[in-house]
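Welcome, and thanks for taking a look at this one. Here is a short briefing to read with the structure open beside you.

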Amino acid sequence: MASKLQAGISNEKDRCCMSVMIKESPISEKDMIAQAETALADISRVREGVGRVIFGQESAVERTLVALLAGGHALLVGVPGLAKTKLVETLGIVLGLDSRRIQFTPDLMPSDILGSEVMEQDEFGKRSFRFISGPIFAQLLMADEINRASPRTQSALLQSMQEYHVTIAGVRHDLPAPFHVLATQNPLEQEGTYPLPEAQLDRFLMQVDILYPEIEAERRILLETTGIEDAKAQNVLQPARLKEIQTLIRRMPVPESVVEAILQLVRSARPGQGNAETDKHVAWGPGPRASQSLTLCARARALYDGRLAPSIDDIRALAEPVLQHRMALTFAARAEGTTVRDVVAKLAKGI
């Protein structure tokens, strides 16, 4: 197991980089490998727990779990009926997180999410305000159909997603730790919706596209979910343990070759950086937060796969979910039928 965890360091330069980064870490390489082995066992139990309820959708489950292990938020995009809500509910149970769900509607107000202050009078007639927290005070918040809420309500999530606290009447209220937002969005029905602004999209670590299941997975769904009893999720992890794994992931070394691949990929996705395809098709590209997201997600995916350090293959696998919601195409590119996924796929092949 230790040799597998140490995999991913491709050349001598990367080994030196890894050695230096581990020496600078407060834990030794031996301790890190031991902690990684324990974390890998915990992650395996989480994957098994999710797999009892969610059939198929391996890619969506992996990417969503990677986002949570990296300590970020994810935007789940898919048509109705693909188990987006079920996936979030299952993750909340398996990871032991306090979960809440908000069904976004056009008439939803910011106070419906954040909470509000109410005036109370005690037995002596003294009046005072008391803050009643809203559903955002959870460890795992499901924002269902987030694009159905007005921009005013959508913006209520911005501060919480970036700073992990909210401000009500000038008073700061810290959110529980860990805190994650998993938002869902229907890509088909866009009438009466409010597209998320770029500033809020950038707060999501990844956009996870949930596609139709394979035929074998759909056959299993038919057989196992239409009987008297449905499979139920079981808790296998505690929030404190999830935080420990998230801390371990941030301590994982990143080989120099992977750092260079991240920089090359993100910078090549920006117009005006010398890439002819990007200049032709991309109106605006990802910022430095995309590089940060790729680094964190690559570390989390490596541990998810049983490795101590990420590789360039991790970057190629994560390029689409990390970059696609941080880029916009030109009108001419859209008219030609080009998609962001097409552009990202070509850029990822070049690293």
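Is the crossing of α12 and α14 left-handed or right-handed? The crossing of these helices, α12 and α14, is right-handed. Please keep in mind throughout that this is a predicted model.

**How α12 and α14 pack**
- Helix α12 spans residues 256-268 and helix α14 spans residues 288-304, and the two pack at an angle of about 140°.
- Their axes are 10 Å apart.
- On the α12 side, the contact is made by Ile262, Leu265 and Val266.
- Facing them from α14 are Ala290, Ser291, Leu294 and Thr295.
- Sorted by class, the contact of α12 with α14 has 5 nonpolar and 2 polar residues, with no charged residues.

**How α3 and α5 pack**
- Helix α3 (residues 29-51) and helix α5 (residues 84-94) have axes that come within 10 Å and cross at roughly 140°.
- The crossing in which α3 passes α5 is right-handed.
- From α3, the residues Val46, Gly49 and Val50 take part, and they meet Leu87, Thr90, Leu91 and Val94 in α5.
- The residues of the contact of α3 with α5 divide into 5 nonpolar and 2 polar, and none is charged.

**Domains of the chain**
- The protein is divided into two parts: domain 1 takes in 29-105 + 138-251, and domain 2 takes in 253-350.
- Between the C-alpha centres of domain 1 and domain 2 there are 22 Å.
- Their contact draws 28 residues from domain 1 and 22 residues from domain 2.

- An unreviewed UniProt entry carries the annotation "domain: ATPase AAA-3" for residues 73-206.
- In the model, residues 73-206 are 24% helix and 32% strand, and the end C-alpha atoms of this span lie 7 Å apart.
- UniProt also lists "domain: ChlI/MoxR AAA lid" for residues 279-346, again in an unreviewed entry.
- Over residues 279-346 the chain is 65% helix and 7% strand, with 13 Å between the end C-alpha atoms.

**Backbone details to check**
- Most residues other than glycine have a negative phi, and most peptide bonds are trans.
- Which peptide bond is cis? The bond from Ala177 to Pro178 is cis, and its omega is near -5°.
- Pro178 has its place in the loop between β7 (171-174) and β8 (180-185).
- What is the phi of Gln57? The phi of Gln57 is near 55°, a positive value in a residue other than glycine.
- Gln57 lies in the loop that runs between α3 and α4 (58-69).

Key:
Residues numbered from 1 in each chain as written. Predicted model: local features only at pLDDT ≥ 70, side-chain atom pairs only at ≥ 80, totals over all residues. Heavy atoms only, no water. Axes fitted to C-alpha atoms, helices over the stretch in contact; angles between N-to-C directions. Helix = DSSP H or I, 4+ residues; strand = E, 2+ residues; numbered from the N terminus. Left-handed = near helix turned anticlockwise from the far one by under 90°. Contact = heavy atoms within 4.5 Å. Nonpolar A, V, L, I, M, F, W, Y, C, P; charged D, E, K, R; others polar. UniProt positions renumbered as here; feature names shortened; annotations may be inferred. Domains from an automatic or database assignment.
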